[in-house]
Amino acid sequence: MTSDTTSRHDTPFHAGELDAQRRAGVEHIARSAGSFIRDRMPEQHREFFAALPFMVVAAGDAQGRPWVTMLEGKDGFIASPDPRTLTIAATLADHDPLAEAIGAGTEIGMLGIELATRRRNRANGSMRPAGDAFVVEVSQSFGNCPQYIREREWRRVEPSPVDARVSHRLEASQRARIASADTFFIGTGVSADADAAFGGEPPARGYDASHRGGELGFVRVLDERTLQIPDYAGNNFFNTLGNLLRDPRVGLLFVDFETGGMLQLTGRARIDWAPQASHDPNAQRLIEVTVERVVDRPAALALRWHRQDEAPLRLEVIDKVAESDRITSFHLADADGGRLPPFEAGQHLAVELAIPDRSERVGRSYSLSGSPYAESYRLSVKREDDGLASRFLHDRLEVGDRISARPPAGAFVVPPSRESLVLVSAGVGITPMLAMLHQLVAEDADRPVWFVHGTQHGGTHAFRTEVEELVAASDANTSRIHSRIYYSAPRAEDQAGVDYQAQGRITAGDLVVLGAGPEARYLLCGPAGFLAELSAGLEAEGVDAERIDFETFGPAG
């Protein structure tokens with residue numbers, strides 16, 4: 001997503017991104033997700049960036065070729081003096097491909113990613129050097145779901161970088177590193193020398209930095225100059241592919257997490273929108289990259305990362321419950337009878353599944369939907385017709401089976417303050433909200449709560465009885481928790497006033513008239529378009545953006 005200079009004021013997406021969305025059949029995203037991308041950083045993002053040990057940056061060199069690099073520093077090297085500014089106390093090494101490219105007003109894309117907790121947020125803007133630091137003026141800020149992120153813990157060492165090796169093709173050792181990777185970073189954009197004739201309009205200017213992850217070997221090395229990259233289901237913004245439609249140049253960064261080495265590539269990409277044969281059956285598209293220049297920088301970073309090969313939690317399925325026609329819950333206990341690690345309501349669990357015919361475990365993240373005070377975990381998973389993991393869970397996983405997982409993580413949790421809360425969800429977005437409702441009822445504090453959920457009809461309405469019982473339990477004490485259910489397409493047998501309270505989709509106006517007050521906190525969970533419409537609407541109704549928190553998700557797969 002870049003800064004577009006055209007007259008397209010109603011969307012942050014440029015023509016390439018809109019074209020990519022049309023090709024993928026998700027053009028409705030552009031009409032609803034615009035406000036999901038903000039022109040400033042919310043407080044949560046500012047705090048997140050300031051706590052990171054590194055930042056991924058994409059920009060173009062003097063020839064307009066995209067490169068991706070990593071800036072690192074000591075604790076607190078990133079600061080945010082205001083919602084539109086970041087300061088980064090770091091410099092680029094002389095042999096970094098972008099060392100001479102960063103000048104006044106250089107357009108960049110940034111990715112902040114916390115591998116240990118699988119959180120990530122993105123920002124775009126312009127960068128300028130300021131002595132031994134950089135100043136970034138942020139123009140766009142938005143979050144990403146945690147899918148496809150491999151957890152890693154980091155530490156620092158005293159760096160001893162080796163001279164960079166520069167070439168125009170991949171050596172055997174470099175090809176082997178790429179072929180065994182489970183993570184890389186990609187940079188795309190449109191530079192000033194790009195073809196301005198795209199669609200008869202001037203091109204957008206700017207860059208995007210993005211994360212790509214998958215199973216070991218998900219990037220296929222065809223030869224010394226050609227890579228094949230699967231493109232999975234994501235947030236449907238199509239920032240990367242949209243940029244490539246306008247400018248096929250691309251930058252890649254493969255980090256050697258154990259040694260701190262950086263393998264930086266630049267080249268050109270071709271998109272196969274309907275691959276007939278792929279090395280990865282989950283790929284919805286393929287990106288073929290022709291490598292034009294390679295910069296190999298051994299031990300370039302002071303950071304080192306460690307990943308546990310095996311997920312530490314061994315969990316046994318103790319119950320399996322169909323919650324709706326598409327959502328099934330899996331109740332999990334420690335396989336050895338021990339005590340499970342605690343979690344905060346709203347957090348997710350990263351599971352690793354041994355699926356037949358897959359050489360490596362398949363990782364996915366699902367929100368914990370049960371009470372944080374329960375002795376077991378509950379995952380509630382929507383079945384996706386093309387989803388490898390969700391189909392396996394629904395069709396193959398039974399009571400008595402075991403799976404592996406990593407400890408619960410995530411920052412989308414109940415705010416510790418005592419303001420009124422409005423919990424708003426759509427579809428399977430109900431899962432973290434349900435855990436929060438359990439917590440709030442158990443706390444029995446004097447805190448008004450509104451639980452608002454939207455679904456299609458009674459067949460898709462999951463957890464109806466559970467929510468009603470929780471609200472009733474609260475009513476018996478303080479009547480402080482209220483629920484309101486919306487059906488967008490009720491069936492003939494669904495009864496208004498009994499099964500649901502309102503027909504249609506949830507709007508910001510509906511939330512405001514609940515009467516939670518101007519100091520209420522709004523927590524939203526659902527698809528990107530749902531979040532964008534509600535957050536924009538709430539702000540238009542006078543709700544401060546800092547009082548709106550949200551958690552998005554893509555197809556779980």
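Reply: In this predicted model, 14 residues line the largest cavity, and those nearest its centre are Arg118, Ile149, Arg150, Gly363 and Arg364. Two elements each contribute two or more residues to this lining, namely strand E20, which spans 348-353, and strand E21, which spans 362-367. Of these, E20 gives the most, with three residues.

Eight of its residues are charged, four are nonpolar and two are polar. The structure as a whole holds five cavities of 30 Å³ or more.

For orientation elsewhere in the model, one may turn to an open sheet of six strands, paired in parallel and ordered E27-E26-E25-E24-E28-E29. Its edges are strand E27 (502-503) and strand E29 (548-552), each of which pairs on one side only. Within the sheet, strand E24 (residues 421-426) runs parallel to strand E28 (residues 521-526), and five bridges join the two. Val424 has Leu524 in E28 as its bridge partner. Helix H7 (residues 430-443) packs on the sheet and touches E24, strand E25 (449-455), strand E26 (481-487) and E28, with a direction at about 150° to that of E24. Helix H10 (residues 528-540) also packs on the sheet, where it touches E24, E28 and E29; the direction of H10 makes about 160° with that of E28.

Technical notes
Residues are numbered from 1 along each chain as its sequence is written. This is a predicted model: local features need pLDDT of at least 70, side-chain atom pairs count only at pLDDT 80 or more; totals for chains, interfaces and linings use all residues. Side-chain values use heavy atoms; hydrogens and water are left out. Two strands pair if DSSP finds at least two bridges between them. Helices (H or I, at least four residues) and strands (E, at least two) are DSSP runs, numbered from the N terminus. Contact means heavy atoms within 4.5 Å. Axes are lines fitted to C-alpha atoms, for helices over the stretch in contact, and angles run from 0 to 180 degrees between N-to-C directions. On a 1 Å grid over the protein atoms alone, a cavity is a set of points where a 1.4 Å probe fits but cannot get out, and a pocket is an open set with protein on both sides within 12 Å along at least five of seven lines; lining residues have an atom within 4 Å of a point. Grid points are joined across faces, edges and corners, and a volume is the space filled by probe spheres set on the points. Ala, Val, Leu, Ile, Met, Phe, Trp, Tyr, Cys and Pro count as nonpolar, Asp, Glu, Lys and Arg as charged, and the others, Gly among them, as polar.
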